[in-house]
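Keep the coordinates open as you read.

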Amino acid sequence: MSKTAFQAPVSKVAEAIQPFRVMKILGEAKALEAQGKNIIHMEIGEPDFPSLDCVHQAAFEAMQQGLTHYTPTLGLPALREKLTDFYQRFYHAEVDTNRIFITPGSSSALQLVLTAILNPGDKVLMTDPAYPCNRQFVNLLYGELVTVPVDHHSNYQLTLKKLKQHWQEGIKLVMVASPANPTGTVIEQSELVAMAQFLAENNAYLLVDEIYQGLVYDRPAESILAQTGLPENVIVINSFSKFFGMTGWRLGWCVAPQKLMPILDRLGQNLFLAAPTPAQYGALRVLDDDALEELEQRRQIFEKRRNVLFNAMQQAGFKLKTLPQGAFYLYWDVSEWTDDSEAFAAELLHQTGVALTPGTDFGDHQAKQHLRLAYTTDEALLLQAVDKIAHFIQTR
């Protein structure tokens with residue numbers, strides 16, 4: 001007796017979710033490595049340094065003491081209090097502990113915030129290019145995207161002028177990132193405050209992604225939370241992944257207006273209950289002064305890598321349009337050589353072993369003309385990669 005094929009459909013919104021292309025590139029690069037090919041990994045947005053030894057020790061000691069049970073949904077009280085202290089010492093910002101929510105990665109913080117704010121059909125404005133998962137979260141909640149194309153003329157960032165030009169009725173939230181992925185560029189604090197004030201007048205929220213704050217160059221690290229005259233519509237998300245180097249520990253946080261906190265708490269109780277407890281004890285240790293000093297040394301290494309890679313690319317004849325002020329990315333216009341960045345990246349990987357991310361991961365605007373280079377590997381390999389890229393272009 002033959003079986004009838006099971007044909008129940010999946011969710012339409014899930015079916016429409018786009019892949020994270022950098023993970024495809026990473027998978028292909030790992031497969032080539034398994035075949036014995038040398039790969040220079042400049043595709044993945046992850047620090048190449050391991051998490052600090054003191055983090056490992058703190059998590060291990062917590063486990064030895066049996067501190068492996070659930071924490072409150074909002075997070076370990078001591079960690080929330082220590083983040084308040086961190087904001088004061090690091091950013092000179094007064095942040096109420098009661099506004100801090102510890103989450104399983106900053107992606108969970110984003111999911112919580114969007115779920116708390118959006119109804120189906122509400123509009124969310126963001127730049128193109130931008131971090132790809134932002135679009136997917138909005139789509140999952142049946143929100144409507146309003147994208148603003150940006151390029152080097154505005155430092156690949158949203159401005160108050162552009163915000164007003166693209167303003168529409170029904171926008172509930174505007175999302176920005178400073179420093180940004182994939183460009184590494186920042187928004188000046190005065191511009192952020194001006195946008196927040198405009199949005200408050202229009203009953204909309206401003207969500208500022210600060211997960212690369214700390215990893216900034218030629219300027220001090222800044223948080224919008226330190227600015228005076230800030231309206232109560234500002235939400236900040238951050239992470240222990242990038243500056244703090246704890247990617248696999250899956251821990252982030254958000255700072256939200258007090259009126260949203262009970263809603264976020266209830267959502268967190270239902271969606272994930274609490275962030276990983278050992279990770280929270282590790283994060284508690286990474287905020288100590290000696291750990292922050294070690295992280296500052298790593299920041300200086302990233303700054304040196306930025307300079308080495310940027311200068312090497314320029315010397316090879318690749319005219320980069322912006323010098324990134326933060327994160328660990330260069331955004332490279334390759335329109336002189338291709339109109340298909342995905343095919344270009346695949347060909348480059350298989351012929352040279354250099355793994356880069358196509359701009360199509362980050363939106364539609366000039367996406368097929370750009371590649372993202374992550375300087376998350378040592379200087380010698382970065383210089384090798386530039387040589388390989390130059391030879392690839394010269395001989396293709």
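Predicted model: local features only at pLDDT ≥ 70, side-chain atom pairs only at ≥ 80, totals over all residues.

Start with the nonpolar interior. In soluble globular proteins, nonpolar side chains tend to be buried together. Here the largest nonpolar core has 100 residues. Leu163, Val174, Phe240, Phe244, Val286 and Trp332 have the most contacts inside it. Helix H11, residues 289–315, gives this core its largest share, eight residues. A second, separate core holds 28 residues, including Phe101, Leu207, Ile237 and Leu267. Now pick out Val174. Leaving aside neighbours within four places in sequence, Val174 contacts Leu125, Leu158, Leu163, Trp167, Leu199, Tyr205, Leu206 and Leu207.

Next, helix H6, which spans residues 132–140. Why is H6 described as largely enclosed by the rest of the structure? Seven of its nine residues are buried, so the rest of the structure largely encloses it. Buried here means under 20% relative accessible area. The buried residues are Pro132, Cys133, Asn134, Arg135, Gln136, Phe137 and Val138. Their cover includes helix H5 (106–117) and strands E3 (123–128), E4 (144–149) and E5 (171–177).

Look at H5 against H6. Two packed helices are described by the angle between their axes and the distance between the axes. The axes of H5 and H6 come within 10 Å and cross at roughly 35 degrees. The crossing is right-handed. Ser107, Leu110, Gln111 and Leu114 of H5 meet Asn134, Phe137 and Val138 of H6. Of the residues in this contact, four are nonpolar, three are polar and none is charged.

Ser239 sits in strand E7, residues 234–239. Ser239 is buried, with a relative accessible area of 3%. A polar atom of the Ser239 side chain lies 2.8 Å from the backbone nitrogen of Ser241. Not counting residues up to four places away in sequence, Ser239 touches Ser106, Ile211, Phe244, Leu251, Gly252 and Trp253.

Gln280 belongs to helix H10, residues 277–286. Is Gln280 buried or exposed? Its relative accessibility is 0%, so Gln280 counts as buried. The C-alpha atoms of Gln280 and Ala62 are separated by 9.8 Å, with the two residues 218 apart along the chain.

Glu188 is in the loop between E5 and helix H8 (189–201). Glu188 is partly exposed, at 41% relative accessible area. Its C-alpha is 9.3 Å from that of Glu222, 34 residues away along the chain.

Finish with the backbone. Most residues other than glycine have a negative phi, and most peptide bonds are trans. The bond from Asp128 to Pro129 is cis, with omega near 15 degrees. Pro129 is in the loop between E3 and H6. Asn181 and Pro182 are also joined by a cis peptide bond, with omega about 25 degrees. Pro182 lies in the loop between E5 and H8.

Now phi. Tyr142 follows H6 and has a positive phi, near 60 degrees. Asn203, not a glycine, has a positive phi of about 55 degrees. Asn203 lies in the loop between H8 and strand E6 (205–209), and counts as exposed at 67% relative accessibility. Asp218 has a positive phi of about 65 degrees. Asp218 is in the loop between E6 and E7, and is exposed with a relative accessible area of 58%.

Terms used. Residues numbered from 1 in each chain as written. Heavy atoms only, no water. Buried < 20%, exposed > 50% of the residue type's maximum accessible area, 1.4 Å probe, protein only. Helix = DSSP H or I, 4+ residues; strand = E, 2+ residues; numbered from the N terminus. Contact = heavy atoms within 4.5 Å. Polar contact = N/O pair within 3.5 Å; in protein donor to acceptor, adjacent residues only side chain to side chain. Core = buried A, V, L, I, M, F, W, Y, C linked by side-chain atoms within 4.5 Å. Axes fitted to C-alpha atoms, helices over the stretch in contact; angles between N-to-C directions. Left-handed = near helix turned anticlockwise from the far one by under 90°. Nonpolar A, V, L, I, M, F, W, Y, C, P; charged D, E, K, R; others polar.
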